[in-house]
Amino acid sequence: MGAADRKSELVYLWVRAYIEENKFSSSLKIPSENALSRRLSVSRETVRRALDRLTEEGLLRRVRGSGTYIDKEAALSWELGGSGGRIKIGLILQGQDRNANSSLMDGIRSVLSPDQVDLRTFLTDNKFANERRCLNAVVDQGFQGFIVDGVKASLLNPNLDCYRRIYQKRIPVIFYNNYYKNLKCPRVVVNDLRCAEELIGLLIRQGHRNIAGVFVSDNYQSIEKFQGMAAALQKNGVEYQDDYIKWCVSDEAHDARFARSIDHFLKRLPQCTAVVCCNYMIFRLVRQVLEKQGRRVPQDCSLVCFDYSNDDWEEQGITCSIHQGYRIGQEVALRLMRMIRNRDCDDLGYTYVLAPEIYPGRTVGPARAAKKPNQ
């Protein structure tokens, strides 16, 4: 599947999830093509292709001069039609990193064939309210299992009652990336503590001591990455400096306006010679800021990235841990199917921790006297 096809597929899945969540509401109009284009950061042509597909399937209808609407009768009939004897599985995505979602879904589909499994996708946009609407909408619809990326998983989740209801129905749930510690569900994750030790070790061996980091406070993965960075510094006799860590929340990490805050942060650290980025979106913003400040990578500032989810790490020479979306997708699919066959809802050996994949790249160089950023 090409890049354009993957983008169209994700728009299709987003609108399908929107239909699923709104088919019982009083307002059946979907957002305009322009609004969807802005919201999902894709072209109008990509949006139009996805909407055309949904219109051909009968789930949407266009009203000239008015907009595009959910065909409520068709949406309900689609649900009542069942899954044709196939296993019905719900995939609940955050939906904010399109590259990561695409590779994950490719991995899942390599295991779950369409003739055996009816895979239905829902997007939370990393918001508790969306997650709750999604869970309430699907919990009584005959799903036999769920694959979930938790919402703001480092915070106390207000939707645990929904998951406990799913557990009472003996429906298996497996998490990937972000999971809720309060639940007994299995998970597939990367060993972020070991990943941090390897990435920070690359910097320390090049003489870096004043190392900044940008992390997401409401993301459990990011918390583990930060803990790994702090442990790696301590292990190597490098002083941890609170002022060198910048925290943000998930929504900021996906907002280009956050670059201004990163700019101010780095300008307050004139001795900083390296920056650790907790994900690909943060990496993009930090690199843009460094370029604007006139600081070259790695000559003036080294850069490493956790979970680099774009496919150009080798071409661009990015020193990073490679996002293993495809492998994670395969593992969650295989383990969930075993849970369904064994009628297991508890973590009876289903959790799997992947070793990190580190690409050394060219964005780390020897520590030199920090170059003062442009004012």
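This is a friendly dialogue on how to read features of a predicted model.

Colleague: What should I know about this model before reading it?

Modeller: The model is predicted, so local features need pLDDT of at least 70 and side-chain atom pairs count only at pLDDT 80 or more, while totals for chains, interfaces and linings use all residues. Residues are numbered from 1 along each chain as its sequence is written, and side-chain values use heavy atoms, with hydrogens and water left out.

Colleague: How many helices and strands are in the protein?

Modeller: Helices (H or I, at least four residues) and strands (E, at least two) are DSSP runs, numbered from the N terminus. Here the protein has 14 helices and 14 strands. Its radius of gyration is 22 Å, close to the 21 Å that the globule rule gives for 375 residues, so the protein is as compact as a globular protein of that length. That radius is taken over C-alpha atoms, and the globule rule is 2.2 Å times the number of residues to the power 0.38. Along the principal axes, the C-alpha trace spans about 65 × 55 × 35 Å.

Colleague: What share of the residues counts as buried?

Modeller: Buried means under 20% relative accessible area, exposed over 50%, and partly exposed in between (1.4 Å probe, protein chains only). In this protein 54% of the 375 residues count as buried. The protein exposes about 16900 Å², and carbon and sulfur atoms supply 46% of that area. Accessible areas come from the Shrake-Rupley method with a 1.4 Å probe; for residues, only the protein chains shown count as cover.

Colleague: And which share of the contacts comes from residues 24 or more positions apart?

Modeller: Contact means heavy atoms within 4.5 Å. Among contacts with a separation of 6 or more, residues 24 or more positions apart account for 77%.

Colleague: Which residues does tyrosine 163 contact?

Modeller: Tyrosine 163 sits in helix α7 (residues 160–168) and is buried, at 3% relative accessibility. Leaving aside neighbours within four places in sequence, tyrosine 163 is in contact with Glu131, Leu135, Val148, Phe175, Tyr180 and Leu183. Both Glu131 and Leu135 are among the buried residues of α6.

Colleague: Is serine 222 buried or exposed?

Modeller: Serine 222 is buried, with a relative accessible area of 2%. It lies in helix α9 (residues 220–235). Beyond its neighbours within four places in sequence, serine 222 is in contact with Phe215, Val216 and Cys278.

Colleague: How do the lysines read? Take lysine 88 and lysine 181.

Modeller: Lysine 88, in strand β3 (residues 87–93), is buried, with a relative accessible area of 4%. Lysine 181 is found in the loop between β6 and β7 (187–190) and is exposed, with a relative accessible area of 59%.

Colleague: Now the backbone. Which residues have a positive phi although they are not glycines?

Modeller: Asparagine 126 has a positive phi of about 60 degrees, and arginine 170 also has a positive phi of about 60 degrees. Asparagine 126 lies in the loop between β4 (117–123) and α6, and is buried at 1% relative accessibility. Arginine 170 is in the loop between α7 and β6 (173–176), and is partly exposed, with a relative accessible area of 44%.

Colleague: Where is the cis peptide bond that involves proline 298?

Modeller: The cis bond joins valine 297 and proline 298, with omega about 5 degrees. Proline 298 is found in the loop between α12 (280–292) and β11 (302–308).
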